[in-house]
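Open the model in your viewer and keep the selection panel at hand. We will go stop by stop.

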Amino acid sequence: MFQEFKQDKVGIIPCNGEDLCQGTLTRFACRKVLDSLRPHETVTICLPLFIAGDSGERNFAKTFPTITVDGCTKGCCQVTTEKLSGKPRYAVVISELLKERGMEVPPSKRTLTAKHQAAIDIVAEDIAGKVDAILKKG
Amino acid sequence: MKKKIVVIPCSGIGKAYGEIGRQAVYELIEDLRTGDVATTCLARLMIDDPDAKALIRDNPVITVDGCAKDCARKNVEFTGKKVDGAFRVIEVFKENRDLKPQGILNLGKDGFKLVHILARRLDEEITGLMRKEP
């Protein structure tokens, strides 16, 4: 079902961690890549569809080169994608990325304010750079 | 120890329904049923995280799915747990077609009206479940 996009799209898979502030960041950062930064080069899938969906959905990471985006070091998204779909090209862990950049994790999983936009921007730019790297290498 | 009601939203980010479900769960936990309700990341169930699995094994569970794919319910049931309640955001949306969320994650005024409607329904369901629980 995804074959038509095979050569020019990268799959972005966020963990979406609903019980974690960093999970909220994965959602906002990935949507920024999908909607604004690389709208023509990226597609996404809901991670839980690897269990709830059909074989077409489970083939997502075999069909597209993928980037997993985890909120924390449990790495649920990377582990699950590897186990049920295919090995991602890159695995981003937001808690580690923000630590590297000396940034704090936003305190609320419910809302991200304008103050936290910088964290969203950093994560989104990092993902977009990895999209470019994948498409350049082919 | 007093049981909590575990309410698990789906991870949908393709349409506004997923975010409406998540925000309704946050409203329950932080405003309407503080102390009665817990949640966990759906993805933790997919890696067999022991704490997440124990939470849903030992407590009543309600799932909140954005769409008819029912990812949250199916992932909970995949662990062997039968859910005590299953909601779909799209049903609330169909009953309130005049309310149009602004965006997928930025829901806007109408989107948050849908959040409040769903949160109140979940609140009623939780009241019923807590009456049944010892």
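The tour below takes each chain in turn, then the contact between them, then a few single residues.

**Before you start**

This is a predicted model: local features need pLDDT of at least 70, side-chain atom pairs count only at pLDDT 80 or more, and totals for chains, interfaces and linings use all residues. Residues are numbered from 1 along each chain as its sequence is written, while chains are lettered from A and ligands numbered from 1 in the order in which they are written.

**Stop 1: chain A as a whole**

Select chain A and colour by secondary structure. Chain A has 7 helices and 4 strands. Here helices (H or I, at least four residues) and strands (E, at least two) are DSSP runs, numbered from the N terminus. Along the sequence, the pattern is β-α-β-α-α-α-β-α-β-α-α. The radius of gyration of chain A is 14 Å, close to the 14 Å from the globule rule for 138 residues, so chain A is as compact as a globular protein of that length. That radius is taken over C-alpha atoms, and the rule is 2.2 Å times the number of residues to the power 0.38.

The C-alpha trace of chain A spans about 40 × 30 × 20 Å along its principal axes. Of its 138 residues, 51% count as buried. Buried means that 20 or more other C-beta atoms lie within 10 Å of the residue's own; exposed means 12 or fewer, and partly exposed is in between, with C-beta atoms placed from the backbone.

**Stop 2: the sheet of chain A**

What is the strand order in the open sheet of chain A? The order of its 4 strands is β2-β1-β3-β4, with parallel pairing. Two strands pair if DSSP finds at least two bridges between them. β2 (42-44) and β4 (90-93) of chain A stand at the edges with a single partner strand each, so one side of each has no neighbour in the sheet. From one strand to the next, the twist averages 25°.

Zoom to β3 (residues 66-70) of chain A. It is joined to β4(A) by 4 bridges, and the two run parallel. Pick Asp70(A): its bridge partner in β4(A) is Val93(A).

Axes are lines fitted to C-alpha atoms, for helices over the stretch in contact, and angles run from 0 to 180 degrees between N-to-C directions.

**Stop 3: chain B**

Switch to chain B. Its secondary structure is 6 helices and 4 strands. From the N terminus, the elements run β-α-β-α-α-β-α-β-α-α. Buried residues make up 47% of the 134 residues in chain B.

Select helix α1 (residues 16-32) of chain B. Its 17 residues reach 22 Å from first C-alpha to last, close to the 24 Å expected at 1.5 Å a residue. The expected span is 1.5 Å times one less than the number of residues. α1(B) is mostly covered, with 14 of its 17 residues buried.

**Stop 4: where the chains touch**

Show both chains. The contact takes 27 residues from chain B and 27 residues from chain A. Two residues are in contact if their C-beta atoms, placed from the backbone, lie within 7 Å. On the chain B side, α1, α2 (42-46) and α4 (71-78) each supply at least two residues. α4(B) gives the most, with 5 residues.

**Stop 5: the β1-α1 loop of chain A**

Select Glu18(A), in the loop between β1 and α1 of chain A. Is Glu18(A) buried or exposed? It counts as buried, with 28 C-beta neighbours inside 10 Å. Beyond neighbours within four places in sequence, Glu18(A) contacts residues including Gly23(A), Pro9(B), Arg22(B) and Leu42(B). Draw a distance to Arg110(A): the C-alpha atoms are separated by 9.2 Å, and the residues are 92 apart along the chain.

Asn16(A) lies in the loop between β1 and α1 of chain A. Asn16(A) is buried, with 29 other C-beta atoms within 10 Å. Its phi is positive, about 65°, although it is not a glycine.

**Stop 6: Asp48(B)**

Finish in the loop between α2 and α3 (50-58) of chain B, where Asp48(B) is found. Asp48(B) has a positive phi of about 60° and is not a glycine. With 10 C-beta neighbours inside 10 Å, Asp48(B) counts as exposed.
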